[in-house]
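Visitor: Could you take me through this structure step by step?
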Amino acid sequence: MENLLEKTIAEIVAEDISTASVFKKYQLDFCCGGGISIAKACEKHHINPTDLLNDLNSNQNKSDVPNLNFNEWELPFLIDYIVNVHHKYVTENLDIIDEFAQKVAKVHGDHSPEVIKIAELYQKLAADLAPHMIKEERILFPAIKAYLKDKNAVLPFGSIENPVNMMEHEHEVVGEYAKEIIALSNHFQTPEWACNTYKALYFKLNEFINDLFQHIHLENNILFKKVKAL
Ligand SMILES: [Fe+2]
Ligand SMILES: [Fe+2]
């Protein structure tokens with residue numbers, strides 16, 4: 001832990017680009033001004049070093065996700081998981097990635113025009129995904145839970161298949177934006193000269209789109225499929 005305090009922000013981000021979002025959370029510059037140690041940065045910006053170190057450590061543990069057997073879960077539990085894991089992840093990361101995308105488009109758009117297109121696509125994706133999740137959380141998911149308890153429950157939209165089909169269509173639209181972003185970024189390969197914000201953008205987009213595909217998979221292939229078969 002003490003060792004980490006003496007490392008510079010830039011060194012830590014260079015070793016593990018996923019830490020960029022932790023520094024972003026504390027509004028610490030990890031890009032051009034990342035040459036100071038964590039200890040000094042915390043002192044300068046009145047940040048509790050223990051909080052920052054805890055966040056860096058829990059960021060490291062994130063990849064140790066157990067292999068979960070979603071297909072065997074009760075549907076209300078699966079719904080709660082989707083909301084608490086995937087919707088929460090989207091809500092927490094949507095704006096951070098937008099900030100990275102806007103900054104990279106502004107600074108590097110002249111000689112990498114694809115980053116401008118990526119920023120635009122990301123904004124379209126975000127503008128669709130946020131209200132989509134609200135519809136699921138406020139209307140569809142409570143209706144599915146009510147329907148599971150009582151097949152004769154009065155639903156606000158007639159058959160349960162109508163909103164399910166609509167959500168599936170919206171998944172296709174955001175999925176297409178995500179695929180275009182993957183192609184434009186050449187599978188998130190940053191150029192040799194990329195700065196830390198550029199690297200952080202591609203790292204976060206990759207993480208975000210992986211999360212999105214898993215999220216859509218759980219809804220389309222498990223939750224909605226089972227609901228349609230009821
Ligand atoms: Fe969802
Ligand atoms: Fe969805």
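Guide: The conversation below concerns the metal sites. This is a predicted model, in which local features need pLDDT of at least 70, side-chain atom pairs count only at pLDDT 80 or more, and totals for chains, interfaces and linings use all residues. Residues are numbered from 1 along each chain as its sequence is written, chains are lettered from A and ligands numbered from 1 in the order in which they are written, and side-chain values use heavy atoms, with hydrogens and water left out.

Visitor: Which residues coordinate the iron ion (ligand 1)?
Guide: His87 (NE2), Glu136 (OE), His215 (NE2) and Glu219 (OE) do, at 1.9 to 2.2 Å. Donors are N, O and S atoms within 2.8 Å of the metal (3.2 Å for Na, K and Ca); water is not among the atoms, so sites may look incomplete.

Visitor: Which residue bridges the two ions, and how far apart do they lie?
Guide: Glu136 bridges the iron ion (ligand 1) and the iron ion (ligand 2), which lie 3.2 Å apart. Glu136 in helix α7 (residues 114-149) and Glu219 in helix α9 (residues 196-228) are 83 residues apart, a pair linking distant parts of the chain. Helices here are DSSP runs of H or I, at least four residues, numbered from the N terminus.

Visitor: Changing topic: is Glu136 buried or exposed?
Guide: Glu136 is buried, with a relative accessible area of 0%. Buried means under 20% relative accessible area, exposed over 50%, and partly exposed in between (1.4 Å probe, protein chains only). Glu219 is likewise buried, at 0%, and His171 counts as buried at 4%.

Definitions and conventions:
Helix = DSSP H or I, 4+ residues; strand = E, 2+ residues; numbered from the N terminus.
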